[in-house]
Amino acid sequence: MCIYVFLHHAISQPPTETDTYTECTDGYHWDPQTQHCKDINECETIPEACKGEMKCFNHYGGYLCLPRSASVIPAPEPPNQIHPSLENTASEPFNPCPPGFEPQGDSCVGECVKTGLCFQNRCQTCHVYVDECEQDSHDCQPSQQCFNTEGSFSCQCPDGYRKVGTECIDIDECRYRYCQHRCVNVPGSFSCQCEPGFQLAANNRSCIDVDECSMGAPCSQRCYNTYGTFLCRCEQGYELGPDGFACNDIDECSYSSYLCQHQCVNEHGKFSCVCPKGYQLLGTRLCQDINECETGAHQCSDGQTCVNIHGGNKCVDSKSCEEPYVQVSDRCTCPITKPGCRDLPYSVVHRYMSITSERSVPSDLFQIQATSVSPGAYNTFRIRSGDDNGDFYIRQINNISAMLVLARAVNGPREYVLDLEMVSMNPLVTYHTSSVLRLTIYVGPHAF
């Protein structure tokens with residue numbers, strides 16, 4: 001209840017002069033020049049009355065915060081503007097009471113239930129105004145809200161609505177692009193939503209990128225955050241699966257048969273090359289024969305000679321002369337004094353070598369060199385025995401040397417024992433003799 005009181009000052013004032021103090025309602029202040037209540041421009045007096053994207057618009061008794069794109073057309077103001085609810089015409093005396101109240105003595109009274117009120121030790125009759133909103137005696141529309149005022153009431157729209165005629169219509173805030181990504185209008189308000197990969201910022205309008213990698217992205221190996229999404233990547237030796245998350249092992253061995261010289265073994269994220277028995281890995285993919293004779297990994301006895309071959313070794317007897325030959329130094333000789341030596345080569349020398357399978361042909365294998373030649377002698381070279389299939393032939397280089405040539409490709413494991421004979425003739429002294437180099441050739445099981 002609001003009471004307007006007139007106070008008379010009797011000290012140092014003539015009886016004929018009267019000072020009047022009047023309280024104005026909220027949003028107005030007393031103008032001593034016009035002797036009226038004057039509207040307060042809150043847009044000028046309140047610092048930052050409206051924040052964000054809103055603009056301040058002053059109106060009678062208050063102010064509005066509206067979008068910057070909104071416009072307000074004010075009604076023409078009458079001269080000597082007074083409180084909008086007050087009337088001051090020439091035919092009516094000035095009424096200092098609010099609407100719905102009339103001055104009565106020192107008080108403002110309205111039409112309502114009478115009650116007793118004592119003020120400044122003086123008892124008088126006063127009327128309490130009616131709350132039309134509480135008693136449902138207003139004429140506000142269902143979409144409006146009723147606000148009780150002193151002596152009356154007002155019908156206002158809720159926040160997020162605007163008044164069109166007598167109805168309150170929802171304001172579509174999404175028209176003003178308040179949201180960075182998506183705006184969802186709801187009755188009386190709105191909400192902002194972000195695209196996948198983003199989350200709403202603290203201002204509930206902007207969208208910031210989500211670091212999915214730090215939030216448990218389903219990448220099985222590597223995760224890279226990007227703007228609005230993320231990418232999965234795999235370690236070397238793996239490939240990304242159809243789902244874009246899982247990393248599957250790459251079977252490198254299935255791509256090519258040339259990755260390893262012998263055998264490729266697939267492993268998780270990589271592959272390895274293995275070599276057969278008797279070989280060792282050279283680098284990462286090549287196989288190299290192990291020389292057991294040099295490493296001491298053989299089992300030859302003292303009377304044997306270790307011969308290294310591809311993938312292993314052979315132990316041969318150091319003294320392997322057969323009758324009628326006898327051991328002389330490093331060779332076997334057949335003395336001409338023995339009857340059985342007449343049609344045999346005078347000497348036999350043993351040599352050993354190893355070759356790989358699938359060797360390209362023709363291929364030079366072994367060079368025969370005469371150690372001594374009689375003056376005037378003429379020498380010829382031939383394969384005396386061991387080449388039943390014609391896999392080899394002799395190419396004579398000069399009078400004292402010849403080359404054993406592989407004529408056809410051969411596969412191992414296989415063993416050849418070739419008697420390479422040098423026949424010496426001297427027509428001046430009627431000299432005829434021969435010597436044999438018995439070459440044992442071991443063909444390895446592989447092409448390396």
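I count a residue as buried under 20% relative accessible area, exposed over 50%, and partly exposed in between. I keep in mind that this is a predicted model.

**Entry 1: disulfides**

I started with Cys 253, which has a relative accessible area of 21%, so I put it down as partly exposed. Its partner is Cys 264, with the two sulfurs 1.9 Å apart. I read -70 degrees about the S-S bond for Cys 253 and Cys 264, a left-handed link. Cys 253 sits in the loop between strand 20 (247-249) and strand 21 (263-267), and Cys 264 sits in strand 21, so the bond ties together parts 11 residues apart in sequence. Cys 264 comes out at 23% relative accessibility, so I noted it as partly exposed too.

The loop between strand 20 and strand 21 also holds Cys 260, while Cys 273 is in strand 22 (residues 270-274), so this pair ties together parts 13 residues apart in sequence. Cys 260 and Cys 273 are joined by a disulfide with an S to S distance of 1.8 Å. The S-S torsion of Cys 260 and Cys 273 is about -75 degrees, so I logged a left-handed disulfide. Are these two cysteines buried or exposed? Cys 260 is buried, and Cys 273 is as well.

Next I went to Cys 133 and Cys 146, whose sulfur atoms are 1.8 Å apart in a disulfide. I found Cys 133 in the loop between strand 8 (122-127) and strand 9 (145-149) and Cys 146 in strand 9; the pair links distant parts of the chain, 13 residues apart. The torsion about the S-S bond of Cys 133 and Cys 146 is about -75 degrees, so this disulfide is left-handed. Cys 133 has a relative accessible area of 21% and is partly exposed. Cys 146, at 22% relative accessibility, is partly exposed.

How many disulfides does the count come to? I get 18 disulfides.

**Entry 2: aromatic rings**

I searched the whole structure for aromatic pairs and got 6. Tyr 178 and Phe 190 make a tilted pair, 5.3 Å centre to centre with 35 degrees between the planes. Tyr 178 is in the loop between strand 12 (167-170) and strand 13 (182-186), and Phe 190 is in strand 14 (residues 189-193), 12 residues apart. Tyr 178 has a relative accessible area of 12% and is buried, whereas Phe 190, with 27%, is partly exposed.

Tyr 279 and Phe 448 form an edge-to-face pair: 5.0 Å between centres and 75 degrees between the planes. I place Tyr 279 in strand 23 (residues 279-282) and Phe 448 in the segment after strand 35, so the pair ties together parts that are 169 residues apart in sequence. Tyr 279 and Phe 448 are both buried.

I followed strand 34 (residues 414-426) to strand 31 (residues 378-385): the two run antiparallel and are joined by 7 bridges. Along this pairing, Thr 380 stands opposite Val 423 of strand 34.

Strand 34 is also joined to strand 35 (residues 431-443), antiparallel, by 13 bridges. Here Met 422 stands opposite Ser 435 in strand 35. Strand 34 and strand 35 make a hairpin with 4 residues between them. In the turn I noted Thr 430, with a positive phi of about 50 degrees.

I traced an open sheet of 3 strands in the order 30-33-32, with antiparallel pairing. Its edge strands are strand 30 (363-369) and strand 32 (392-396), each pairing on one side only. Neighbouring strands of this sheet are turned by 25 degrees against each other on average, ignoring direction.

Between strand 30 and strand 33 (residues 401-406) I find 6 bridges, and these strands run antiparallel. Asp 364 has Val 405 in strand 33 as its bridge partner.

**Entry 3: Asp 159**

I looked up Asp 159 in the loop between strand 10 (152-156) and strand 11 (161-164). Its relative accessibility is 72%, so Asp 159 counts as exposed. Gly 188 is 29 residues away along the chain, yet the C-alpha atoms of Asp 159 and Gly 188 are separated by 6.2 Å.

Key:
Residues numbered from 1 in each chain as written. Predicted model: local features only at pLDDT ≥ 70, side-chain atom pairs only at ≥ 80, totals over all residues. Heavy atoms only, no water. Pairing = 2+ DSSP bridges. Buried < 20%, exposed > 50% of the residue type's maximum accessible area, 1.4 Å probe, protein only. Axes fitted to C-alpha atoms, helices over the stretch in contact; angles between N-to-C directions. Disulfide = S-S within 2.5 Å. Phe/Tyr/Trp six-rings, centres within 6.5 Å; stacked < 30°, edge-to-face > 60°.
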